Amino acid sequence: MSTTTVVTGLFHLGRDALDAPFRREESHYVQHFTRLLALPHPLCVYTEPRYESLVWAHRDPADTRVIVVDPGLFSTFPGFERIESIRTDPAWRGQAGWLDRSPQAALPGYVPMVMSKLPWLAEQAEENPFASDCLVWLDAGIGHTVDLRLLVDDQVLNRLPALADRFVALAYPYPGAGEIHGFARDGMRAFCDGAHVARVTRGGFFGGRPEHVLEVNARYAEILAATLDAGFLGTEESLLTILCHRHPRLFRVYPIAADGLVAPFFARLRDPSTPVALGQGVDALDDLELWLLSFNAPAQLATLLGSLASADPAFLECGRRVLIDNSTDASTRAAYDALCARFELECIREGNLGITGARVRAAQELERSGGRAMLWFEDDMLICGRERAGALCRNGLPRHVPDLLRRVVEIATREGIDLLKLSFTEFFGAHDRQWAWYGLSAERRRAHFAAAAELTEDEVPPPTTISRIGVHDGLAYAVGDVHYSNWPHLLTRRGSARLFADTGPNPSEHTSMAAAFELARRGELASAVLLASPVEHARHVAYDAAERRES
């Protein structure tokens, strides 16, 4: 069986002297730490002398190592003087109303201690005293939010080596705010090579194989010194987040919800049937591009953005977000610019490219940027929020899908899907029928649909060929010759390059449909559709239809 060594630490830093919500009694930590000592894994504990006897009261030296650290030594932590200078600076404390009452501001030993987690983990990875496949850091108080029966009885950490092809970490959405744990967002963006930080890496659990831990830690001290020299201070989560962005190929980051709780991740590990590819997390979101198309109606775009923010904010956390403004009405520009500033959208204005022309332009830009995949939305394609929970589309499928983007990304990753349509039911039809039939020549219809080759344009097209039905995390999907359309979809860079390689600069939607169908039949475009209909076609702001361009 694969083995995992757990590294943890317990120190009394004075949180019992803080005001709510940061106050924690010493007994709170001791209680959860005592429960952690029951873990059926080798354990390395960094702690002060007062807690050493507690460890040995519950552990056997055969699978336990205690490293006694005098809390006074935190004052010798590299960069301690700079940390003190920043944390006592009124300007740093004034970034947020809560910051001056936080542990990182109020307790001298807090930042050095949390910043020591990764170096301590690396110290044990270097020696690997119990010859384990993986070593992970677990906070001593992790039992406050995680039912330790998951870790003790179910031994889920022994599944970790199967996930640990890189350094494993968890990340949660962190929208808004001008700082991240005290680290100014402008500084985060600068240290993350200009990328907007949409998710923050959790500090309560991380690790991996010894060589991966050492590789990440080798870059840690440099980032710590550089950020302090630049006057920025946060916590270990700030530094781990920077490392994830600067060295994404070193990390396997799994997404967790906005509450930051790690328990659901452990719960999913408990089930042996849970696929190893739980999702790429930051890898996926930061490499995912959101493309929006709008025309002469900034209020309609605002409706779409509000829909995404309400139904699933993760859409607005994609590493790159771009608006193609096809508008011909110059008076709309200021309103569009305001929306771009508010939602941090790039804006492309190259005249009225038409709908499919804009779609090709987005494909060209995805190829240039090297993004992993793109999401495509026209401004009247909204996402159904919680208010539609329990509602069904006309084909009997759910309208609301919680945590939609995470599940879409995970399905595409798990299945190797190039094109994943986000809605089974569309305005003019649904995916039970092969609408690409209308874009095929008579010859190609006869080749693919002998029985339906003579259908007229007014008749219902032939059925879609579905090769398999899958279910991931409660969301069903169908894999097969799923037709392409400009309705919201995820399309990988590989799929995009193949689909738009030979369509010309302004293909019709039917031309793209036919091209996607031919690629799918040749096995060159893996396609799927959700067995759900979370997309609502809703145009609230009209424009002059005479000015609309399809291609």
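I take a cavity to be a set of points, on a 1 Å grid over the protein atoms alone, where a 1.4 Å probe fits but cannot get out. A pocket is an open set with protein on both sides within 12 Å along at least five of seven lines, and lining residues have an atom within 4 Å of a point. Grid points are joined across faces, edges and corners, and a volume is the space filled by probe spheres set on the points.

I note that this is a predicted model, in which local features need pLDDT of at least 70 and side-chain atom pairs count only at pLDDT 80 or more, while totals for chains, interfaces and linings use all residues. Residues are numbered from 1 along each chain as its sequence is written, and side-chain values use heavy atoms, with hydrogens and water left out.

**Entry 1: cavities and pocket**

I looked up the cavities and found two of 30 Å³ or more. The second largest cavity has a volume of about 30 Å³. Its lining includes Met-115, Phe-183, Leu-224, Thr-227 and Leu-239. Helix H11 (residues 210–229) gives the most to this lining, with three residues; helices (H or I, at least four residues) and strands (E, at least two) are DSSP runs, numbered from the N terminus. By class, the lining of the second largest cavity has seven nonpolar, three polar and no charged residues. Here Ala, Val, Leu, Ile, Met, Phe, Trp, Tyr, Cys and Pro count as nonpolar, Asp, Glu, Lys and Arg as charged, and the others, Gly among them, as polar.

I then turned to the largest pocket, whose volume is about 1200 Å³. It is lined by 43 residues, of which Arg-15, Arg-24, Tyr-29, Tyr-110 and Asp-139 are the closest to its centre. Among the elements that give two or more residues to this lining are strand S1 (4–10), helix H1 (26–36) and helix H12 (236–246). The lining of the largest pocket divides into 19 nonpolar, 13 polar and 11 charged residues.

**Entry 2: helix packing**

I recorded helix H7 (residues 117–127) against H11: they pack at about 140°, with axes 9 Å apart. Axes are lines fitted to C-alpha atoms, for helices over the stretch in contact, and angles run from 0 to 180 degrees between N-to-C directions. The pair is therefore oblique, given that angles under 35 degrees count as roughly parallel, over 145 as roughly antiparallel, 65 to 115 as roughly perpendicular and the rest as oblique. The contact (heavy atoms within 4.5 Å) includes Leu-118 and Ala-122 of H7 and Val-213 and Tyr-220 of H11. Its residues are 10 nonpolar, one polar and one charged.

The axes of H11 and H12 come within 10 Å and cross at roughly 115°. Among the residues in contact are Tyr-220 and Leu-224 of H11 and Leu-239 and Arg-246 of H12. This contact has seven nonpolar, one polar and three charged residues.

Helix H15 (residues 298–311) and helix H16 (residues 333–343) pack at about 20°, with axes 9 Å apart, which means that H15 is roughly parallel to H16. Leu-301 and Leu-305 of H15 and Tyr-336 and Phe-343 of H16 are among the contact residues. The contact of H15 with H16 has eight nonpolar, no polar and no charged residues.

**Entry 3: backbone**

Most residues other than glycine have a negative phi, and most peptide bonds are trans. I found the peptide bond from Ala-20 to Pro-21 to be cis, with omega near 5°; Pro-21 lies in the loop between S1 and H1. His-181, a residue other than glycine, has a positive phi near 60° and sits in the loop between strand S6 (179–180) and strand S7 (183–184).
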